[in-house]
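Reader: I am new to this structure and would like to understand the words used to describe it. Could you show me the model and take my questions one at a time?

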Amino acid sequence: MRNPGLQFDVPSHADDAHASSDFGRDLLAGLSRRPRSISPKYFYDAAGSRLFDAICELPEYYPTRTELAILAERAGEIAQQIGPNAQIIEFGAGSLRKVRLLLDALESPRRFVPIDISGEHLEDATQRLRADYPGLAVQPLVADYTRPFSLPPQLAEGNGPRVGFFPGSTLGNFDPDEALSFLQGAARVLRGGGLLLGVDLVKSPAVLHAAYNDARGITARFNLNLLARANAELGADFDLAGFSHAAFYNAPLQRIEMHLVSRGAQTVHLLGERLHFAEADTIHTENSHKFTVEGLRTLAARAGFGIGPVWTDKDRLFSVHWLPAAQ
Ligand code: AVJ
């Protein structure tokens, strides 16, 4: 028995359980592909996690403050849907700001398992949360939830319903088929409880464009941090001034795309390989899919969830969905 705990499986992407932290291998493979691409999960080293927190404070980046306002305003209704004794599992926990609104409204929450890929960031955030919620069992888990992993055995059925919390529209980082796989895995592991899911909504491309091209250039630094990380962790020699940030709305695919664009012809050394870039060659670093309420509900139903209430702000910028998972 390799895994005594609950297993979270992501069906069609469960090919290699050993590759979870292999930034070097994935980056080299991604830069050898055409088009060049790399998973956005590699943004989140300690510096990247801090830059993301700074993005969340930007005036142009509406998702964080809009979702926080929805959670604050609707906490009572949300808590009523979830019910008492919840064991909360947060996917991509980050700074743990949003879950506080939930914890404050829930009736006797039992346990909180924040999952994040950035161990350092998770440790800091967990310590701050523990200080403020002394009665709560907090069990942080450093894991990559795009791969199969084990949940702590304490999350067993008898200890209270399992409730997933996946805010911030991070679901939008997945392609549609990956999002379906993730939701199928979540529906299985959350049986008898449900998923509280925040997703960003389709809207005016100008508003979307501004959110990913902020005036202070924090999003550009966040994007370029990927190259800084490769230099620091892998001994690569990316010239950060040799690449520029590009983010645009791809309307047919309903997503923001972020790329790093080579400003000229250049050669980079990475793990013993020489990588050539022509002027305007791009590295695709992130997709951030946007949703309609109906589109998300259809996807959730296909994944095996029931359909509960949805809460949005008055401008319909962002949506929070309660998706019950039948026993
Ligand atoms: C954390 C994936 C939800 O897509 O809006 C913010 C990441 N990228 N600015 C998003 C991000 C650029 C964010 N998610």
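Reader: Where does S108 lie?

Author: S108 sits in the loop between α4 (98-105) and β4 (111-116). Please keep in mind that this is a predicted model.

Reader: Why is S108 called partly exposed?

Author: S108 has a relative accessible area of 36%. Buried means under 20% and exposed means over 50%, with partly exposed in between, so S108 counts as partly exposed at 36%.

Reader: What kind of peptide bond joins R34 and P35?

Author: A cis peptide bond joins them, with omega at about -5 degrees. Most peptide bonds are trans. P35 is placed in the loop between α1 and β2.

Reader: How do you know that S37 makes a polar contact with R33?

Author: The side chains of S37 and R33 make this contact at 3.2 Å. The cut-off for a pair of N or O atoms is 3.5 Å, so a pair at 3.2 Å is within it. S37 belongs to strand β2. Beyond its neighbours within four places in sequence, S37 is in contact with G30, L31, I283 and H284.

Reader: What makes α1 largely enclosed by the rest of the structure?

Author: Seven of the ten residues of helix α1 (residues 23-32) are buried, so the helix is largely enclosed. Those buried residues are F23, G24, D26, L27, L28, G30 and L31. They pack against β2, α8, β12 (266-270), β13 and β14.

Reader: Why do R36 and D281 count as a salt bridge?

Author: The closest N and O atoms of R36 and D281 are 3.5 Å apart. The cut-off is 4 Å between a side-chain nitrogen of Lys or Arg and a carboxyl oxygen of Asp or Glu, so the pair qualifies. R36 lies in strand β2 (residues 36-37) and D281 in the loop between β13 (273-277) and β14, so the bridge ties together parts that are 245 residues apart in sequence.

Reader: What makes D200, K203 and K290 a network?

Author: Salt bridges link these residues. D200 forms one with K203, where the closest N and O atoms are 2.9 Å apart. The side chains of K290 and D200 meet in another, at 2.8 Å from N to O. K290 lies in the loop between β14 and α9 (293-302) and D200 in strand β9 (residues 194-200), so that pair ties together parts that are 90 residues apart in sequence. Both D200 and K203 are buried, and K290 is buried as well.

Reader: How do you know that S262 is buried?

Author: The relative accessible area of S262 is 2%, and buried means under 20%, so S262 is buried. S262 is placed in strand β11 (residues 255-262). Leaving aside its neighbours within four places in sequence, S262 is in contact with residues including G242, F243 and D281.

Reader: Which residues come nearest to the ligand?

Author: Among the 14 residues around the ligand, Y61, G168, Y212, E286 and S288 come nearest. An N or O atom in the side chain of Y61 is 2.5 Å from an oxygen atom of the ligand. A polar side-chain atom of Y212 also lies 2.5 Å from a ligand oxygen atom. For E286, an N or O atom of the side chain is 2.6 Å from a nitrogen atom of the ligand. The protein covers 97% of the 350 Å² of accessible area that the ligand has on its own.

Technical notes:
Residues are numbered from 1 along each chain as its sequence is written. This is a predicted model: local features need pLDDT of at least 70, side-chain atom pairs count only at pLDDT 80 or more; totals for chains, interfaces and linings use all residues. Side-chain values use heavy atoms; hydrogens and water are left out. A residue is near a molecule or strand if one of its heavy atoms lies within 4 Å of it. A polar contact is a pair of N or O atoms within 3.5 Å; within protein, one must be able to donate a hydrogen and the other to accept it, and residues adjacent in sequence count only if both atoms are side-chain atoms. Accessible areas come from the Shrake-Rupley method with a 1.4 Å probe; for residues, only the protein chains shown count as cover. Helices (H or I, at least four residues) and strands (E, at least two) are DSSP runs, numbered from the N terminus. Buried means under 20% relative accessible area, exposed over 50%, partly exposed in between (1.4 Å probe, protein chains only). Contact means heavy atoms within 4.5 Å.
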